[in-house]
Amino acid sequence: ARYLTRQDNPLVWRSIVNRLWLWTFGAPLVSSPNDFGRGGMQPTHPELLDYLAARLRDDPRQSLKSIVRLMVLSRAYRRSSHMDPEMARRDAGNAYLWRAHRRRLTAEEFRDSLLAVSGVLDRKMGGPSFHDFVIEKPQHSPHYEYHLHDPADPKSHRRSVYRFVVRSQPQPLLTTLDCADPSISTPRRDESTTALQALAAWNNPLVEFAAAKLGARIAKQSKSPDEQIDWACQLVLGRGASPLEQEVLKQHFHDNGPASLARVLFNMNAFVYLD
């Protein structure tokens, strides 16, 4: 431990800030976060990597939060995600950060956002983990049955960081949404696009439960459908509905009710909960 954290050993500090950059920006400065050796990739911004590493190393508190604050207040982080054809021709992979990286919610963020917008998220910190499965045959070879879990159980309405992880049997919804395999080291999440993800985001029991809860909240907001839709969009999307969205969502709301409207909002590309 002393060898790794020596002042004259830059490797650990570079590795830490590279992961912080990855989690903050959606793409790392060194695209092989688990390999800074000869088999690893070269940094796109070596001076920036060294500056952040030295700043973290020399901070008396060695505060990760202070580095994240520095990143999110930078011009690079606050850039628009707008596509510039000329810049895209020069740097299609956006390695040099001429625009903001667009990313979707991770599996855990999606789950937590469902609970948050439905109004049931338990924000209590600390304590034992929760189970989102039922254990069968615990005497010899336990079976972890996720499909038997009741999503309405308030004990499971905590943030995903408190979820009990079964390494040998991943959670189906989170796995479908590209959650990392808990049995191996995964420095960077895969991002796939499959039909199963669309089906899970519409039909999963947790989605059904959250949609019913959010639908009840929408119904209580106002007697005006326009105001109810705009409130729901502000909550779920972080913005109001556009005129076209307002028209389409209002018709869907009229035909199918508030719970179905909630499901539609969960499946929009802009779904993001601003906590």
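## Packing of α8 and α11

In this predicted model, helix α8 (residues 205-221) packs against helix α11 (residues 258-266) at an angle of about 120°, and their axes are 7 Å apart. That angle makes α8 oblique to α11; angles under 35 degrees count as roughly parallel, over 145 as roughly antiparallel, 65 to 115 as roughly perpendicular and the rest as oblique. Axes are lines fitted to C-alpha atoms, for helices over the stretch in contact, with angles from 0 to 180 degrees between N-to-C directions.

The crossing of α8 and α11 is right-handed (the near helix is turned clockwise from the far one by less than a right angle).

## Packing of α1 and α3

The axes of α1 and α3 cross at roughly 50° and come within 10 Å. The two helices, α1 and α3, are therefore oblique to each other, and their crossing is right-handed.

## Largest pocket

The largest pocket holds about 1,700 Å³ of space. A pocket is an open set of points on a 1 Å grid over the protein atoms alone where a 1.4 Å probe fits, with protein on both sides within 12 Å along at least five of seven lines. Its volume is the space filled by probe spheres set on the points, which are joined across faces, edges and corners.

The lining comprises 46 residues, and Arg103, Arg104, Leu105, Thr106 and Glu191 lie nearest the centre of the pocket; lining residues have an atom within 4 Å of a point. Helices α1 (10-25), α3 (64-72), α5 (107-117) and α7 (195-203) each supply at least two lining residues. The largest share, five residues, comes from α1. By class, 22 lining residues are nonpolar, eleven polar and 13 charged.

## Fold and confidence

The protein chain has eleven helices and two strands (DSSP runs: H or I of at least four residues, E of at least two). From the N terminus on, the order is α-α-α-α-α-β-β-α-α-α-α-α-α. The C-alpha atoms fill a box of roughly 65 × 60 × 35 Å along the principal axes.

The chain averages a pLDDT of 93, and 99% of the residues score at least 70; pLDDT is the predictor's confidence in each residue, from 0 to 100. Among the elements, strand β2 (residues 143-145) has the lowest mean pLDDT (91) and α3 the highest (97).

## Conventions

Residues are numbered from 1 along each chain as its sequence is written, and side-chain values use heavy atoms, with hydrogens and water left out. Local features need pLDDT of at least 70 and side-chain atom pairs count only at pLDDT 80 or more, while totals for chains, interfaces and linings use all residues.

Notes:
Ala, Val, Leu, Ile, Met, Phe, Trp, Tyr, Cys and Pro count as nonpolar, Asp, Glu, Lys and Arg as charged, and the others, Gly among them, as polar.
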